[in-house]
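Here are my notes on the model you sent over. Have it open on your screen while you read, and go through the points in order.

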Amino acid sequence: MKVSIFYDHLQEAVEQSSLSMDEVVQKARNAGITGLEINLTCLIEQEKQISVLLEKYDMNISCIYEFYDWGNHPDLAYGRKHVDMAKKMGVRNILVVPGFLSNEEVNSLRTAGKEKDSLYKFMSHNKKVQQMKQNLQKLVTYASSQNINVTLEDFDHEAAPFATKWQLLWFMEYVEGLRFTMDIGNFVYSDEDAYTGFELLKPWMVHIHC
C-alpha cells in the first residue's frame, strides 16, 4: 500500500508554521508518505519546482485531480492535457470533478430521492449529466490508450450528481472503463454509510481518500 498527501496540505503546513517546503516534505517522507495528490493547474504552474521535490525525496505523484464544468462547457482540450500530464509524470490515476448542477436541477435531484430507479431516471434525462457522461467516456477512451485510469469520487456537494452511491453506480455502469476513488468521509456528507458505498462500488475502486 502506498500513502500520499495532498500538496495543498503541505502548502498549508508551510503557511501555518515556520518550516520551509523542504522541511515539511521531509517530515511527510519520514512519516512513510511517498506520494503527492495534486491539482492539475497547480502542477502545470509549478512543474519544475515539484519535480525537484519528487526527485530529492524519492516520491511520486499518486493522482492528479481537476475541476471541470462539462455540463455547460463540454470542451475536452484541458481534459486531454490532464491525461497527457499524467503520462508525462508517470501517474496512473487521475480524478475528474466533471461539473455541477444548477439550483433548479438540484431541487429536481432531491425530488428524485435516493431510490435507485427514480434516481436513474433523473440521471438519464438530465442534459448536463448526459454531457458529463459523454465527456467522461471520451476521456476514458483516450486515457485507456495511455494506461491511465480516469476516476470519480463521492464528492461532498449536493450539486454534484456523483455524490451518492447510486449516482456513482450510474456513472460506473454507463461509462465503460471509468473507475472509482473512494472517499471515506464524503459519503457522510450525503448521509450514507461509507461501508455500504464501498461494498457496492469496490469492483471499480482503484484509489482511496482517508
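The points below take the sheet to begin with, then a helix pair, then the pockets.

1. A reminder before anything else: this is a predicted model, so read each point with that in mind.

2. Start with the sheet. Seven strands make it up, and it is open, with parallel pairing and the order S1-S2-S3-S4-S5-S6-S7. From one strand to the next, the twist averages 30°.

3. Which strands stand at the edges of the sheet? They are S1 and S7; each has a single partner strand, so one side of each is left without a neighbour in the sheet. As a bit of background, strands of a sheet pair through backbone hydrogen bonds, either parallel or antiparallel.

4. Helix H1 (residues 7-16) does, and it touches S1, S2 and S3. The direction of H1 makes about 65° with that of S1.

5. Now the helix pair. Helix H4 (residues 47-56) packs with helix H5 (residues 77-89) at an angle of about 35°, and their axes are 13 Å apart. The crossing is right-handed. On the H4 side, the contact is made by Glu-47, Ser-51 and Leu-54, while H5 brings Met-85, Lys-88 and Met-89. By type, that comes to three nonpolar, one polar and two charged residues.

6. On to the largest pocket, with a volume of about 560 Å³. It is lined by 24 residues, and the closest to its centre are Lys-2, Val-3, Ser-4, His-207 and Ile-208. Strands S1 (4-6), S2 (35-39), S3 (60-67) and S7 (205-209) are the elements that give two or more residues to this lining.

7. Which element gives the most to that lining? S7 does, with four residues. The lining of the largest pocket divides into 10 nonpolar, 10 polar and four charged residues. Recall that S7 is also one of the edge strands of the sheet.

8. Last, the second largest pocket, whose volume is about 260 Å³. Of its 14 lining residues, Leu-109, Lys-114, Glu-158, Thr-164 and Gln-167 are the closest to the centre. Helix H6 (residues 103-112) supplies the largest share of this lining, three residues. Sorted by type, the lining of the second largest pocket has six nonpolar, five polar and three charged residues.

How values were computed:
Residues numbered from 1 in each chain as written. Predicted model: local features only at pLDDT ≥ 70, side-chain atom pairs only at ≥ 80, totals over all residues. Heavy atoms only, no water. Axes fitted to C-alpha atoms, helices over the stretch in contact; angles between N-to-C directions. Left-handed = near helix turned anticlockwise from the far one by under 90°. Contact = heavy atoms within 4.5 Å. Nonpolar A, V, L, I, M, F, W, Y, C, P; charged D, E, K, R; others polar. 1 Å grid on protein atoms, 1.4 Å probe; cavity = no way out; pocket = protein on both sides within 12 Å on 5 of 7 lines; lining within 4 Å. Points joined across faces, edges and corners; volume = space filled by probe spheres on them. Pairing = 2+ DSSP bridges.
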